[in-house]
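Please walk me through this structure as a tutorial, one feature at a time. I would like the general idea where there is one, then the case at hand.

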Amino acid sequence: MPQPTVDATETAQAPWHIVGCGRMGTLAAGYLQAAGESVVVIRPGAAHSRTTWLHFAATGARRRVTLPVRPAEACGPVVRLIVACKTPYTQAALAPITLADHALVLRLQNGIGSLEGMLGDDQRLIEVVTASAVRSAGPDTLDVVAENASRFGGGTPPACWAGLTAHWPGATWHSDIRHVQWHKLVVNAAINPLTAIHDVDNGRLVERADLQAAMTRLADEADDLLKALDPGWPGGSAGHVADIARATAANMSSMRADRHAGAVTEIESINGWLLREAARRGHTLPAHAEITARVRALHPAPADA
């Protein structure tokens, strides 16, 4: 599908706004500031500023990121927006925001489909899939554990791409971003819910035969659906998923962390997306249906969410 064009002059002069400026959002803000861009955080409440220190593990460098924080009503029509909130909160986060008719929107979230039906025909969506890792090191400090590949797409790069990529380590452009998204989706769909349900680190999924078998079933089911969506999908994801589980053996998945925090997980944009796509085509994914139901049962009651 052709991507809408965005007026280059208007875009270049507009600040970037970020909704959901947590760990990855703050790292993105730091990259944008390094590129000379103005960045504003959209958050309810009184206007103020916040300062966060980024500590880069690979070099030991520290960078201060000071950002103005404004409520949506003080921002006017937003021309450039980064959506970095947890996917269950996307609709509520964007509801008070007025997007310009030709807005440019970067989606820096897990899963797929969280912005479906929320953008106009002339508002351009750019998907971002990153493998970088950031963790909290205190109330005002974030440890950038790894600056890995960040893949942007699809269509043609926007006018601001050259300035952005010069200051965003590992940034590459992909005219067709689907397979990049799908590779990460299968990993998340096979690892995250199992770690959340069984309350284990990622590595346990390859140490216990029953969990590895369950992980393989989830990967194989996802491959079957993705091949139906695109015959060019290579499949064979189970081996890659197991490799990721080994490489991140001591890690706590984001879905498990959400469970520990008593929060709603991102299951709907991960396994839920697979189930919705399967239903549209008359496919069934029994392993994904079962595990999605089990994760949903862990969610807090709506009044507590």
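Q: By class, how many nonpolar, polar and charged residues are in the lining of the largest cavity?

A: This is a predicted model. The lining of the largest cavity has ten nonpolar residues, no polar ones and no charged ones.

Q: How many cavities of 30 Å³ or more does the count come to, and by what general idea are they found?

A: Rolling a probe the size of a water molecule over the atoms shows where empty space is left. Here the count comes to one cavity of 30 Å³ or more. The volume of the largest cavity is about 40 Å³.

Q: Which residues line the largest cavity?

A: The lining consists of Trp16, Leu104, Leu106, Ile126, Phe152, Pro158, Cys160, Trp161, Leu164 and Trp173. Two or more of the lining residues come from strand S6 (99–107), and two or more from helix H4 (161–165).

Q: In what order do the strands form the open sheet?

A: Strands of a sheet pair through backbone hydrogen bonds, either parallel or antiparallel. In this model eleven strands form an open sheet with mixed pairing, in the order S8-S9-S3-S4-S2-S1-S5-S6-S7-S10-S11. Strand S8 (133–136) and strand S11 (171–173) are the edge strands, each pairing on one side only. From one strand to the next, the twist averages 30°.

Q: In which sense do S6 and strand S7 pair?

A: S6 and strand S7 (residues 124–130) pair in the parallel sense, over four bridges. Leu106 stands opposite Ile126 in S7, and both residues are among those lining the largest cavity.

Q: Which strands does H5 touch where it packs on the sheet?

A: H5 touches S6, S7 and strand S10 (150–153), and its direction makes about 45° with that of S7. Another helix, H2 (residues 23–34), lies across several strands, including S7 and S8, and runs at about 100° to S4.

Q: Is Asn192 buried or exposed?

A: Buried means under 20% relative accessible area. Asn192 has 6% relative accessibility, so Asn192 counts as buried. Asn192 is in helix H5 (residues 178–198). Leaving out residues up to four places away in sequence, Asn192 touches Val187, Ser253, Ser254, Met255 and Ile270.

Q: Is Ala250 buried or exposed?

A: For exposed, the cut-off is over 50%. Ala250 counts as exposed because its relative accessibility is 66%. Ala250 is in the loop between helix H8 (237–247) and helix H9 (254–261).

Q: What distance separates the C-alpha atoms of Ala250 and Pro234?

A: The two C-alpha atoms are separated by 29 Å, with Ala250 and Pro234 lying 16 residues apart along the chain.

Methods
Residues are numbered from 1 along each chain as its sequence is written. This is a predicted model: local features need pLDDT of at least 70, side-chain atom pairs count only at pLDDT 80 or more; totals for chains, interfaces and linings use all residues. Side-chain values use heavy atoms; hydrogens and water are left out. On a 1 Å grid over the protein atoms alone, a cavity is a set of points where a 1.4 Å probe fits but cannot get out, and a pocket is an open set with protein on both sides within 12 Å along at least five of seven lines; lining residues have an atom within 4 Å of a point. Grid points are joined across faces, edges and corners, and a volume is the space filled by probe spheres set on the points. Ala, Val, Leu, Ile, Met, Phe, Trp, Tyr, Cys and Pro count as nonpolar, Asp, Glu, Lys and Arg as charged, and the others, Gly among them, as polar. Buried means under 20% relative accessible area, exposed over 50%, partly exposed in between (1.4 Å probe, protein chains only). Contact means heavy atoms within 4.5 Å. Two strands pair if DSSP finds at least two bridges between them. Axes are lines fitted to C-alpha atoms, for helices over the stretch in contact, and angles run from 0 to 180 degrees between N-to-C directions.
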